[in-house]
Amino acid sequence: MGRPATPVGTWGRIHVKKLRDKSKGRPAVYEAHARFRMADGSSKQVRRRGSSSTKAEDNLKEAMRDLSAEARAGEISKYTRFEKICWAWFEDFELDYASAGKDNQTPQLYKSYLRNWIVPALGQLQAHEVLPSRCDKLVRKGQAQSYSTAASIRTVLSAVCAYGVRHGAFDFNPVKSIGRLTRPSQKTVKAMTLEQRQEMFAALREYGEKKSRDKNGRKLGPRSQFWRDLPDIMEAFLATGGRLGEILALDGDEIEPTAPTVYLGHHLVRVTGKGLLRVTNRKGDEDALLLRVPQWSVPMWRRR
């Protein structure tokens, strides 16, 4: 009767051999190798080197643990790379969000924090190496940019670690043990005077004209349209208090200069692979608003 096959995700006996003796200025080189049983049932010879037989064997075992976590078809353990846990969580989160009929703006935002902050800082660590101190350091790094950045990093990081707890990668959520974030004190909001508003619009028009030409004074054409639109966009902000995505989503049917009213009932979202989409309701799926706008903004609404 033949010897039973090595179970998937495990490896056989480790062999170590010396490849090079220690010489002047060059360390000794040892190589450890063993056969690993892949997810498809095939066997793969895995090799790792080190400056001693022990280091070579340790390096091989570390590589085997990584392969073992990957071979078990999505199973997560304390040896799983944190990057894998991040994207496994995101896949579930994105699916749940879509199933609820919501737009994918929040998943795309969270994805950007994974891609730009969390995975670069912690992704290559194994789950058991993602300690509260390392999580705290990452959040503090985000706080150096802004409170909202730090808060978002903490929210996403905590959600990923909670997912890891549910799947056996963590005994507890390390983010729950990091320090509290202190929200900066809010500055007093002051309304702009008529003179300040006029001065701002004049400066924006001057700036828009400057940006609509290259360094040789030649007009840039359609590429400069955004800069020429800035005064009207700012006037729409002041007149409605709407968000940028809501202002830019307005069309002629939602403006009634004779009333004068503006209907904020759509907003723009950026979807990967599709670009900008105009979707119903305001940001956060908030209900539409019919707003009475000030008379000084009516000429702009008529022109737009």
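Strands here are DSSP runs of type E with at least two residues, and helices are runs of H or I with at least four residues, both numbered from the N terminus, while two strands are said to pair if DSSP finds at least two bridges between them. What I am showing is a predicted model, in which local features need pLDDT of at least 70 and side-chain atom pairs count only at pLDDT 80 or more, whereas totals for chains, interfaces and linings use all residues. Residues are numbered from 1 along each chain as its sequence is written, and side-chain values use heavy atoms, with hydrogens and water left out.

Let me begin with the hairpin. Strand S6, residues 266-271, pairs with strand S7, residues 275-280, in the antiparallel sense over six bridges, and His 266 has Thr 280 in S7 as its bridge partner. Three residues lie between the strands of this hairpin, where Gly 273 takes a positive phi near 90°.

Leu 276 belongs to strand S7, and this residue is exposed, at a relative accessible area of 51%, where exposed means over 50% with a 1.4 Å probe and protein chains only. If residues up to four places away in sequence are not counted, Leu 276 touches Val 269 and Arg 270, contact meaning heavy atoms within 4.5 Å.

Now to the helices. Helix H4, residues 132-143, packs against helix H5, residues 147-166, at an angle of about 150°, with the axes 7 Å apart, which means that H4 is roughly antiparallel to H5, a term used for angles over 145 degrees. Among the residues that meet are Cys 135 and Leu 138 in H4, and Ile 153 and Leu 157 in H5.

Methods
Axes fitted to C-alpha atoms, helices over the stretch in contact; angles between N-to-C directions. Parallel < 35°, antiparallel > 145°, perpendicular 65-115°, else oblique. Buried < 20%, exposed > 50% of the residue type's maximum accessible area, 1.4 Å probe, protein only.
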